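I opened this notebook to record what I looked up in one structure, entry by entry. The entries follow the order in which I consulted the model.

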Amino acid sequence: MSEEITATPEQEKEIDRQVQALQRGVVEIVPEDAFREKIKKAVVTGQPLKIKLGMDPSAPDVHVGHTVVLHKLRQFQEFGHEIQMLIGDFTGKIGDPSGRSETRKVLTSEQVAENAQTYVEQYGKVLDMDKATLYYNSEWLSQLMFEDVLKLAGNLTVARMLEREDFHNRYTSNQPISVHEFFYPLMQGYDSIAMDTDIEVGGTDQTFNLLMGRQLQEAYGHEKQVALTLPLIEGLDGERKMSKSLDNYIGVDEEPNEIFGKAMSIPDDLMIKYYKLATDVPLADIDQLEKDLADGTVHPRNTKQRLAHKFVAMYHGEKEADDAQRYFQTVFRERALPKDIPEVEWKGQATVPVINLLVELDMQPSKGEARKMIQNGGVKINEEKVNDIKTEVDVEDGMIVQVGKRKFTKLTVSE
RNA sequence: GGAGGAGUAGCGAAGUUGGCCAAACGCGGCGGACUGUAAAUCCGCUCUCUCUGAGUUCGGCGGUUCGAAUCCGUCCUCCUCCA
């Protein structure tokens with residue numbers, strides 16, 4: 001940022017366009033003026049910026065929460081910038097400090113490669129992966145000598161480390177912090193040096209790590225990266241951030257019907273946020289939607305249905321989205337039987353107690369469970385509720401067994 | 001190295017003068033009703049089973065006792081503080 005770069009009026013326009021678009025939806029850009037400078041330089045010189053996103057090398061479970069960042073990267077891509085996808089295969093060996101630091105099992109390079117491939121596939125639902133570059137941080141981190149590590153660590157004080165929110169919280173509440181956890185942000189920062197990153201993106205929980213990159217880059221005489229943080233999105237419970245371990249997520253790799261249903265189960269209040277952060281619906285349209293919702297012009301259910309449709313379409317395709325919507329409407333709105341019910345050939349007795357039927361069909365894990373399910377009124381045969389636990393069922397070809405609202409099985413009997 | 005604290009069902013958390021404990025309560029999960037949806041709200045279930053009874057639980061093992069999650073011994077694990 002030393003030499004003055006001058007932009008033509010047209011270039012200024014383009015800079016404004018990019019800055020404005022890229023600022024949308026972010027929580028924080030640190031620092032804002034450097035951000036603009038970077039964009040400016042890129043526009044004037046035609047040299048794309050390097051935008052980094054780091055990821056854990058363990059088995060990917062990409063969900064809607066992650067896509068918030070991906071949608072932002074997608075925007076960068078559309079402006080011609082270069083995406084650096086960093087697989088933290090070395091960092092992953094150490095263990096992520098933000099978790100309850102269970103010792104992580106070391107992945108083989110085959111597993112890492114496999115997981116990276118899965119990332120490429122799943123991220124590809126939002127990003128153009130052909131235009132992204134994959135990096136592995138073991139490439140440079142494994143080369144460092146202890147002396148290098150000391151030099152790296154020398155840039156930082158314990159007090160500074162403890163500024164990090166989760167370290168601070170743990171420290172003040174007498175929770176343990178392992179020394180090696182301090183190296184996590186250092187390594188992440190070093191990655192930015194190695195990759196010459198211009199902008200690093202991440203969720204707000206990454207703020208400290210992203211800033212660490214700036215500090216270290218400066219110490220090593222590199223141009224400092226800009227940190228861009230995005231909101232963490234709440235999961236299906238509407239309370240806690242979306243994550244696999246809380247089982248409140250919508251995975252991009254899940255079945256269409258599952259994605260649709262899960263999307264329909266998000267709290268109404270969260271719909272707009274999901275629209276804004278996890279879809280590519282233009283902001284103007286979303287604003288309109290918000291207005292219509294507020295004055296009752298549109299029905300919340302329909303708005304949510306559009307969102308659900310959007311998700312399935314993004315991750316699977318339009319046709320699948322239509323099918324999922326149809327399925328949802330028949331099963332949940334009309335309480336009717338869906339079109340495609342999985343068929344199972346019945347090979348057991350012609351007459352069986354319901355309880356055994358459910359267990360043998362694998363629709364209930366045990367007879368005890370099956371019994372409870374019937375007592376709760378959750379079992380139907382040919383759309384008739386089964387009231388008596390002792391009911392004997394005469395199995396017929398085409399008989400439909402239903403457990404709860406969502407589990408259906410059609411029996412076939414061959415002579 | 002020394003001192004102290006804790007380990008209860010998927011999670012959190014009661015219960016520790018021994019029986020009324022299969023174990024409160026909250027969350028989560030699963031059903032049902034209702035509806036605007038797998039929203040919200042309300043109701044029921046939630047250790048296992050050959051289920052109106054039986055079996056196995058409260059970190060592990062062993063003991064005291066007619067009887068222990070609750071008492072004793074020992075081991076394991078985790079945490080904190082001092083050095």
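This is a predicted model: local features need pLDDT of at least 70, side-chain atom pairs count only at pLDDT 80 or more; totals for chains, interfaces and linings use all residues.

**Entry 1: contacts with the RNA**

Residues are numbered from 1 along each chain as its sequence is written, chains are lettered from A and ligands numbered from 1 in the order in which they are written, and side-chain values use heavy atoms, with hydrogens and water left out.

I then checked arginine 335, where a polar side-chain atom lies 3.1 Å from a base oxygen of RNA strand B. For phenylalanine 332 I recorded a backbone N or O atom 3.5 Å from a phosphate oxygen of RNA strand B. I listed the elements that give two or more residues to the surface near RNA strand B: α12 (256-264), α15 (300-315), α16 and α18 (367-375). Helices (H or I, at least four residues) and strands (E, at least two) are DSSP runs, numbered from the N terminus. Of these elements, α18 gives the most, with six residues.

I counted the surroundings next: 32 residues surround RNA strand B, and the closest are Met264, Ser265, Asp268, Arg333 and Ser366; near means that a heavy atom of the residue lies within 4 Å. Sugar and phosphate make up 62% of the atoms of RNA strand B that come within 4 Å of the protein.

**Entry 2: salt bridges**

I found 21 salt bridges in the structure, a salt bridge being a side-chain nitrogen of Lys or Arg within 4 Å of a carboxyl oxygen of Asp or Glu. One of them joins glutamate 12 to arginine 36 at 3.2 Å, N to O. Glutamate 12 belongs to helix α1 (residues 9-23) and arginine 36 to helix α2 (residues 32-45), so the pair ties together parts that are 24 residues apart in sequence. Glutamate 12 is partly exposed at 28% relative accessible area, and arginine 36 is partly exposed at 29%; the cut-offs are under 20% for buried, over 50% for exposed and in between for partly exposed (1.4 Å probe, protein chains only).

I also looked up glutamate 223 and lysine 41, whose side chains meet in a salt bridge of 3.2 Å, N to O. Glutamate 223 sits in the loop between α11 (207-219) and β6 (226-230) and lysine 41 in helix α2, so this pair ties together parts that are 182 residues apart in sequence. I noted that Lys38, Lys41, Asp198 and Glu223 are linked in a network of salt bridges.

In helix α16 (residues 318-333) I found aspartate 323 and lysine 319 four residues apart, about one turn of the helix. Their side chains form a salt bridge of 3.1 Å, N to O. Aspartate 323 is partly exposed at 31%, whereas lysine 319 is exposed at 58%.

**Entry 3: strand β5**

Is strand β5 buried or exposed? I found five of the five residues of β5 (residues 199-203) buried, so the strand is largely enclosed by the rest of the structure. Strand β2 (residues 50-55) and β5 pair in the parallel sense over two bridges; pairing requires that DSSP finds at least two bridges between the strands. Glutamate 200 in β5 is the bridge partner of lysine 52.

On β6, I recorded alanine 227 as the bridge partner of glutamate 200. Five bridges join β5 to β6, and the two run parallel. The chain crosses from β5 through α11 to β6 in a right-handed β-α-β crossover, that is, with the strands pointing away from the viewer, the path from the first strand over the helix to the second runs clockwise.

**Entry 4: backbone geometry**

I noted a cis peptide bond from valine 30 to proline 31, with omega near -15°. Proline 31 lies in the loop between β1 (28-30) and α2. Aspartate 196 is not a glycine, yet has a positive phi of about 55°; I placed aspartate 196 in the loop between α10 (183-195) and β5.

Conventions
A polar contact is a pair of N or O atoms within 3.5 Å; within protein, one must be able to donate a hydrogen and the other to accept it, and residues adjacent in sequence count only if both atoms are side-chain atoms.
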